[in-house]
Amino acid sequence: PSFTSTFISFSNTEHSMLSVGRSLRCVASTLLPIAKLQASYMSSTPISTVMKEYDGITKRGENRDKVQYRRGDLVHGFECVSVLPVPELNVTAYQFIHKKTRADYLHIDASDTDNVFSITFRTPCQNNTGVSHILEHTTLCGSEKYPVHDPFMKMRKRSLQTYMNAWTFDDHTTYPVSSTIPRDLANLMDVYCDATFFPLLRLADFKQEGWRLENNEIKGVVYNEMKGYQGDPTRSIFSAVSSAYLANTNYQYVSGGVPSAIPSLRYEDLIAFHTTHYHPSNCLFFSYGDIHPEHHMHFLDSQVLSRFTANESSRDIHVTTLTEKALRSPEKEFTFTCPQSGSEPSQRWHYLRVYPTNLTTDSKDVIRLQFLSMLLFRGQSSPFYKSLIESQKARLFNPLQGYITFSKNSFFSIGASEI
């Protein structure tokens, strides 16, 4: 609100007092909500105390304070459940679980001074409304500690970050950030944690970022973004394969949202989705670099997790996969149309054969199949380049050629474009 002192010039005392009263009420209506917000995120450990710990980090790189946790150790409410040295990369992985909230935390101890921190939530799609995508946008429109519009972009200008972003995938949403300066990383962690766990989620932000009806026309940042997505031939092929091959799983839906379905999303649906999915019990914190994880755990426990308890419904959020019956079903044929990528008729045909492979949780098989895919498709001397491209049966490989791992059910695809 805009404050003025025009009431001072009033000659009538009654009018002056009335104007003063209105001004005081205006000030009160502005400051009281801020005071309530401040009271709501007050923790037993002041944020200034936690930030001083990051200021005190002086040993860096190879001279850093080495992490020496063992399985069963308790640190700031976190229990160490696994330690895995990776001597080939000169790093060690530490896995923790927060006892109170059941939040997962993975730290990679390395000599690298470019430290990374990220927050990831399982957000499998249940429909094509794009709720996870719209939520990613609206969380970055202001939070309890930072009730300003788009603190994300403001931190880009004021921070010495080396990377910061937010992504919505088919089965999860992640908020990564990195910096070489400990205090800078801590500031960014504070902004990110407050944005994800304590966003304002105002109705106006939902209408701006999601969708709204304006002059009998549907508008919205995500809505317009996904209209452009539908016009891309490669993305259309991707969506067609997902809906056909991964039918009856979360991957049959478009995580970003389909323009025709986005307007069916209600504001209340967004709030409910945040309550269940953006909960520590459904969260993975990740850090990498030479900053000791004790600092991160102290920050997370005192500034974020102390306000939560474990939530079984959030903990039970899982991604659905293809059943054995579906994997062993006879070969099926599907025909789809996609936006035209060229003016010539010969450029309008794509062909793709999809073969089910493994679950991507099997890391050894993933590496083997990735290596096989490289041998079969990469380079002009590869067998499929010679049989498909060099033989002039097609001009290009299909965009989804090779071993595809975007979903929990991976698959191997062989095909060509512009036939």
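Guide: Ala, Val, Leu, Ile, Met, Phe, Trp, Tyr, Cys and Pro count as nonpolar, Asp, Glu, Lys and Arg as charged, and the others, Gly among them, as polar. This is a predicted model, with pLDDT of at least 70 needed for local features and 80 or more for side-chain atom pairs, while totals for chains, interfaces and linings use all residues. Residues are numbered from 1 along each chain, and side-chain values use heavy atoms, without hydrogens or water.

Visitor: How many charged residues are in the lining of the largest cavity?
Guide: A cavity is a set of points on a 1 Å grid where a 1.4 Å probe fits but cannot get out, lined by residues with an atom within 4 Å of a point. The lining consists of Lys145, Asp190, Cys193, Asp194, Phe198, Phe299, Gln303 and Val304. By class, 4 are nonpolar and 1 is polar, and the charged residues number 3.

Visitor: Which element gives the largest share of that lining?
Guide: Helices here are DSSP runs (H or I, at least four residues), numbered from the N terminus. Two or more lining residues come from each of α10 (293–303) and α5. The largest share, 3 residues, is from α5.

Visitor: Are α4 and α5 roughly parallel or roughly antiparallel?
Guide: Helix α4 (residues 151–158) and helix α5 (residues 182–197) come within 11 Å and cross at roughly 170°. Angles over 145 degrees count as roughly antiparallel. The two helices, α4 and α5, are therefore roughly antiparallel.

Key:
Axes are lines fitted to C-alpha atoms, for helices over the stretch in contact, and angles run from 0 to 180 degrees between N-to-C directions. Angles under 35 degrees count as roughly parallel, over 145 as roughly antiparallel, 65 to 115 as roughly perpendicular and the rest as oblique. On a 1 Å grid over the protein atoms alone, a cavity is a set of points where a 1.4 Å probe fits but cannot get out, and a pocket is an open set with protein on both sides within 12 Å along at least five of seven lines; lining residues have an atom within 4 Å of a point.
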